[in-house]
Amino acid sequence: MTVNKEQISTAEIQDLDNERIFISGRIWHELYPKVNPSLFLKVLRQKIDLQKYGAGIAKFYFTFVVVENLTPNFSNWVGSDYYPKKASIDIGIRVPYEEVVAADKATVIKLMEDALLLGIDTIGEYKLSVPFDYKAFKADVAAIFSEEEWYKMEETLD
């Protein structure tokens, strides 16, 4: 089902406009819910304030890419782009497909944690016009991941 703006309430649109962290996935359909980006989205939106690190990045978009073969048509899913006028960054990191297939839930979450932290490191490749302390951002995200079974917090964040 596709939803258009007329079907979404004004409050929901304003809430989305105020969000600063966006986590999604390009996931082979048979691997969902084993690979669940919403675990990361809920916890990071709850615990991370991007403004704390500077104005260089106002919107952080991250995509987990979990597909068996990355064909040329979809190779743009992996990599990163910085948009200075919007102060936003869009990052896609590949999570090893075969490892995900063979792994249990806790291992998959660890693979996803590693991918997200690697993605944050790519911010350092850009010369931002306004400062953004991506190292502190990464340290705070890593601290969340170091909490035992942090991903179970998402059950209480709804």
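Q: Is serine 88 buried or exposed?
A: First, a heads-up: this is a predicted model, so local features need pLDDT of at least 70 and side-chain atom pairs count only at pLDDT 80 or more, while totals for chains, interfaces and linings use all residues. Residues are numbered from 1 along each chain as its sequence is written, and side-chain values use heavy atoms, leaving out hydrogens and water. Buried means under 20% relative accessible area, exposed over 50%, and partly exposed in between, using a 1.4 Å probe on protein chains only. Serine 88 has a relative accessible area of 6%, so it's buried.

Q: Which residue stands opposite serine 88 in E4?
A: Strands (E, at least two residues) and helices (H or I, at least four) are DSSP runs numbered from the N terminus. Serine 88 sits in strand E4, and it touches Tyr61 and Tyr82, among others (contact means heavy atoms within 4.5 Å, and residues up to four places away in sequence aren't counted). E4 pairs with E2 in the parallel sense over seven bridges, where pairing takes at least two DSSP bridges. The residue opposite serine 88 is lysine 59.

Q: How many residues of strand E2 are buried?
A: Strand E2 covers residues 59-66 and is largely enclosed by the rest of the structure. That's because its buried count, out of eight residues, is seven.

Q: Which residue in E2 stands opposite isoleucine 21?
A: E1 and E2 pair in the parallel sense, over seven bridges. The E2 residue opposite isoleucine 21 is phenylalanine 60.
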